[in-house]
Amino acid sequence: MKKLEEVLEWGGTKRDIVFLIISGIALILSLANVPLPFNPAWIAIVLCGIPIILEAIIGLVTAFDIKADVLVSIALVASVIIGEIFAAGEVAFIMQLGGLLEELTVAKARAGIEKLVHLSPRTARVITSGVENVIPAEKVQVGDIIRVLPGETVPVDGVIVSGQTSINQAVMTGESLPVDKTIGDEVSSGTVNQFGSFDMKATKVGEDSSIQRMIRLVQSADAGKAKIVGLADRWATWIVVIALSSAILCYFFTHEIIRSVTILVVFCPCALVLATPTAIMAAIGNVTKHGFLVREGDALERLASVSKITFDKTGTLTYGQPKVVKVGSCVEDISSDELYALAASAELRSEHPLGKAIVNCFKQSKGMVPNEPEEFEMIPGKGVTASVNGYLIAAGNKLMTSAPDMLETEEYIKEGCTITYISVDGAYAGFIALADTLRNEATDMISCVREMGITPVLLTGDNERAAQHISTKVGIDEFNSDCLPEDKLSYIDNQQSLGNQVCMIGDGINDAPALKKAYVGIAMGGVGSDIAVDAADIALVDDDIKELPHLLQLSKRMMFTIKCNLTFSMTLNFVAIVLAITGILNPVVGALVHNAGSVFVIINSALLLKWKKKG
């Protein structure tokens, strides 16, 4: 059976397309009665029908799995036995077309876990008796002293024993701003050293390290994610029983084999097989024009039933980059604009991300480049000092010779801002507040989501003040702060165990386990990491979150279309069966009437291509 399965898989989708084109031409020649030594419909039976029959046999023999292809096979064989070759070829062609459409909507191979593995540092600089040796990261032992240079990834978990730096922890926590670290602070594997070298003592190595734990979380989340079974296959057992029973009873009472075969032909679930994949493909075509890349074929089907949407903050509801939101001067002869210019000049040569943010924001808002400082010194973990236009400027959080006015900055600290204090000639002169700013369209998007009866939830690695501030601004009532990857994963797992289907929207590597675990995962494709996109079912290519309500509404419309398709096709089938029993339909006409249902399904599904909610 394994060899037979390998033969059926040979050529893949390209083979199926070629076979369908050839079979379609053959059926047209057969319908036109083109004089040939044999009926051209046999070509469709061989190319499209035989694979269906073989797949049905494999399913029955290996797992006694009764799917739609079992009834199709019975109808094919019966039609051939009574000489209705065109009817058999037509049914085989329609079924293979439906199968191809379904195949084109299934999941693409993803390499998120592999990318996580590649993200793991390969080497570490171990200090032994004052000598630096580069060894494979997996050979690091607990207690080893490791040196990490600027720009390098931390190889294992540990504690800093000498040096000061700033660490980008987005890979683990999704925090929008880097975190200053000094002696005694913990650092995690996979995070990035922004500047300045430091020595650390290894505390967790190998499989116990943070990045390896992340890999295991993604793997476990993927393994526990159930896939939707196709409607045609779910109903196949009942369809087979009803169809066979009807055909046998018809023959028992009428003794006309042709009527029984006609029942099998019209009951063949062509439209049922086409109902879902045609609607999904049309819906995918629609959302693609709105900036979504659907990676999982059944993602839209699942999205229609979500009751909660969990949002990451940084890079999802916000832009993911620190921006200057306030410059405050407390010196009468130095205005806020002048203080801003002095601070930007002092930070011009800074390697710290906050310093770079101040310079970039100054350039954008003022349209000019800060003056070059005459002297400059960077003090890791504290800030910078510089001589600018005859002033001695200090910018940072631990360089003030006089105490800054905490009451003036308290409002911004409550909102989750990071404060850079500025002194001029040794005296405190003011402050600059930086924050990760909210996306312009976030509030309206959340409002639309709530109107649809879906509950928005914020899950963020940022502190409680920042989380509460953003939640209040966008209108989210429920939020969880200080979330590690396992915390987000645990929240989603608990909600889904309570029967709440959860959609997760995120952008960072730290969101990958939650994106995998969620009933539907949506990644920000523009600013998001490759690993987050690989873990998700849907990617928002241009990060335009205002299109999210359209995606949700279309998923529900798609399910309505699928139900309409199924209702119409099954109703048509039952009417055709009654006509077949009474002898009004023969196999060829029955196949044409039955396939009229397939045409309706395709046309009805195609309407989704341009669907847009009115108003």
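At what angle do helix α17 and helix α22 pack, and how far apart are their axes?

Analyst: The model is predicted: local features need pLDDT of at least 70, side-chain atom pairs count only at pLDDT 80 or more, and totals for chains, interfaces and linings use all residues. Residues are numbered from 1 along each chain as its sequence is written, and side-chain values use heavy atoms, without hydrogens or water.

Helix α17 (residues 442-451) packs against helix α22 (residues 548-581) at an angle of about 20°, and the two axes are 9 Å apart. Helices (H or I, at least four residues) and strands (E, at least two) are DSSP runs, numbered from the N terminus. Axes are lines fitted to C-alpha atoms, for helices over the stretch in contact, with angles from 0 to 180 degrees between N-to-C directions. The angle makes α17 roughly parallel to α22 (under 35 degrees; over 145 is roughly antiparallel, 65 to 115 roughly perpendicular, the rest oblique). On the α17 side the contact involves M445, C448 and V449, which meet L548, P549 and L552 of α22 (contact: heavy atoms within 4.5 Å). The residues of this contact comprise six nonpolar, no polar and no charged; Ala, Val, Leu, Ile, Met, Phe, Trp, Tyr, Cys and Pro count as nonpolar, Asp, Glu, Lys and Arg as charged, and the others, Gly among them, as polar.

Rings of Phe, Tyr and Trp (its six-membered ring) pair if their centres lie within 6.5 Å, as stacked with planes under 30 degrees apart, edge-to-face over 60 and tilted otherwise. By this rule there are five aromatic pairs. One of them is F252 with F253, edge-to-face at 5.2 Å centre to centre and 85° between the planes. In the pair of Y340 and F362, the ring centres are 5.2 Å apart and the planes stand at 80°, so this pair is edge-to-face. Y340 belongs to helix α14 (residues 336-346) and F362 to helix α15 (residues 353-366), so the pair links distant parts of the chain, 22 residues apart. Y340 is buried at 6% relative accessible area, and F362 is buried at 3%, whereas F252 and F253 are exposed (buried: under 20% relative accessible area; exposed: over 50%; partly exposed: in between; 1.4 Å probe, protein chains only).

The strands include an open sheet of six, in the order β2-β1-β3-β9-β4-β7 with antiparallel pairing; two strands pair if DSSP finds at least two bridges between them. Because β2 (131-136) and β7 each have a single partner strand, they stand at the edges, and one side of each lacks a neighbour in the sheet. Strand β9 (residues 198-204) is joined to β4 (residues 157-162) by five bridges, with I160 opposite M200. Four bridges join β9 to strand β3 (residues 145-148), where R147 stands opposite D199. Strand β4 is also antiparallel to β7 (residues 186-187), through two bridges, and V159 has E186 as its bridge partner.

Two loop residues complete the account. D425, in the loop between β16 (418-424) and β17 (427-438), has a positive phi of about 55° although it is not a glycine. D482, in the loop between β19 (478-480) and α19 (485-497), likewise has a positive phi, near 50°. D482 is partly exposed, with a relative accessible area of 47%.
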